[in-house]
Amino acid sequence: MTGLPLSIDQIESHNAARREALQDDYDSLGRQLSRRGQDIETIKSKVAAFSVAVPSWGAGRGGTRFAKFPIPGEPTNIHEKLEDCAVVQQLCRITPRVSPHFPWDRVEDYQALKEEAGALGLGFDAVNSNTFQDQPGQAQSYRSGSLTATDKAVRDQAVAHNIECIEIGRQLGSRALTVWIGDGTNFPGQQDLSASLDRYLDSAAQIYAALPDSWRMLLEHKMFEPAFYSTVISDWGSSILAANELGPKAQCLVDLGHHAPNVNIEQIVARLHRFGKLGGFHFNDSKYGDDDLDTGSINPHQLFLVFNELVEAERNPRDGFNPAYMIDQSHNVTDPIESMLSSAEAIAAAYVKALLVDREALHEAQAANDVMMAFQALRRAYRTDVTPILAMARAEAGGAIDVLDLYRDAGWRERKTQERKAVGLGAGIV
Ligand SMILES: [Mn+2]
């Protein structure tokens, strides 16, 4: 394809200079795994088939509630965001889909946008609606809630927006709608905690009724922020109850940062899977709250344990097990392309490590209540350096052996600094 952003020759020569060393590391790891009864080629083919979506807004510097510090050459519209997402995909080869957000990514012609993405080697994943902020010219304000607002006119507007997102998604080839609402309260007594959930269920049912048969509605919960006393869909309990009430096409989405501190997220994953309601993930990392830090940057072990549950789930699939994976993080201090590359690699590494767990040994130790050996089955896999598998899978798919090295050598951001208009200093996410 000629529409790709980076030069294929440059990737080839980058890889040529590193191939021999990689082969050496790969062969060595292959021998190590073979002594454990594992075939490196089988593992590599699994990671080659793995993918995770990137969010369109992830191409920009998000900022915090306090400030945003744009970098030169940052994208300012969906076309430039797609270009940057295409760079990520060209280098790492496991991020072939973009998850768009409306109204941020609104255009006149969605068929043309789909073709534009296709020429860049990209497709579209779940569509994200936005009723957590007001847009210019909007008739009703979301200041007192959206899908759960006490004013029916506000709820109707929020429902209509979600249905419009489904329609846009159909044109883009998407098959899922992710719904997150910031609705909740900051004061005890501000709202009736039961009635607001009733209103949510009523609004969500109207959206659900508009879903095409092959679509899913992914309900994203979040414990707090912007509401700090109560949030309507605050936890996985509220989420699964709502998903059950809505029907089989409604499933729960787990954003790794949207839980109470120290919650056992891998157990939540196992629970949701048990009841056929594990819809997808928003990958990021956190230290204190919903920090939206780069995936695997703070707690890579937790990410591994989540994937350990996913590999177990894959072996024991329940109805509808087909989780939608997406990176959802906010970049404040790094080049967003570099952060997405680093996160995609962290996610793939967690997956490969989970694949390396000796399931037989683990299950035998669990059955025999041999605590230490069960733990060691996980530990042995976790401490394996899987980078040669990831790099080999990437190189074979036309990506870069060292993604960050090549990205910097390619001078992409410098080139875009010349071509793109400067970003404004507006607060918050792009
Ligand atoms: Mn999220």
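What follows is a chat about a predicted model of one chain.

Biologist: How many helices and strands does the chain have?

Modeller: There are 15 helices and eleven strands in this predicted model.

Biologist: And how compact is the chain?

Modeller: Its radius of gyration is 22 Å, close to the 22 Å that the globule rule gives for 430 residues, so the chain is as compact as a globular protein of that length. Along the principal axes, the C-alpha trace spans about 65 × 60 × 40 Å.

Biologist: What percentage of the residues count as buried?

Modeller: Of the 430 residues, 46% do. Also, if you take contacts with a separation of 6 or more, 79% of them come from residues 24 or more positions apart.

Biologist: OK, sheets. What's the strand order in the open sheet of six strands?

Modeller: The order is β4-β5-β7-β9-β10-β11, and the pairing is parallel. At the edges sit β4 (127-128) and β11 (324-327), each pairing on one side only.

Biologist: Remind me, what holds strands of a sheet together in pairs?

Modeller: Backbone hydrogen bonds, in either a parallel or an antiparallel arrangement.

Biologist: How many bridges are there between β9 and β10?

Modeller: Four, linking β9 (residues 250-255) to β10 (residues 278-283) in the parallel sense. If you want a pair to click on, Cys252 has Leu278 in β10 as its bridge partner.

Biologist: And on to β11, which residue there is the bridge partner of Phe283?

Modeller: That's Ile327. β10 and β11 are parallel too, with four bridges.

Biologist: Which helix goes with β10 and β11 in a β-α-β unit?

Modeller: Helix α9 (residues 300-315), and the unit is right-handed.

Biologist: What about the open sheet of three strands, what's its order?

Modeller: β1-β2-β3, with parallel pairing. Its edge strands are β1 (54-55) and β3 (123-124), and each of those pairs on one side only. Strand β2 (residues 97-99) joins β3 over two bridges, in the parallel sense. Within that pairing, Val98 has Phe124 in β3 as its bridge partner.

Biologist: Changing topic: which residues touch the most other members of the largest nonpolar core?

Modeller: Val88, Leu219, Ala344 and Val352, out of 106 residues in that core. Helix α10 (residues 336-355) gives the largest share of the core, 13 residues.

Biologist: Take Val352. What is it in contact with, leaving aside neighbours within four places in sequence?

Modeller: Ile43, Val47, Val386, Ile389 and Leu390.

Biologist: Last one. What does the UniProt annotation say about residues 108-296?

Modeller: The UniProt record, an unreviewed entry, annotates that span as "domain: Xylose isomerase-like TIM barrel". In the model, residues 108-296 are 37% helix and 15% strand, and the end C-alpha atoms of the span lie 37 Å apart.

Technical notes
Residues are numbered from 1 along each chain as its sequence is written. This is a predicted model: local features need pLDDT of at least 70, side-chain atom pairs count only at pLDDT 80 or more; totals for chains, interfaces and linings use all residues. The radius of gyration is taken over C-alpha atoms; the globule rule is 2.2 Å times the number of residues to the power 0.38. A residue is buried if 20 or more other C-beta atoms lie within 10 Å of its own, exposed if 12 or fewer, and partly exposed in between; C-beta atoms are placed from the backbone. Two residues are in contact if their C-beta atoms, placed from the backbone, lie within 7 Å. Two strands pair if DSSP finds at least two bridges between them. A nonpolar core is a set of buried Ala, Val, Leu, Ile, Met, Phe, Trp, Tyr and Cys residues joined through C-beta atoms within 7 Å. A crossover is right-handed if, with the strands pointing away from the viewer, the path from the first strand over the helix to the second runs clockwise. UniProt positions are given in the numbering used here, feature names are shortened, and annotations may be inferred rather than shown by experiment.
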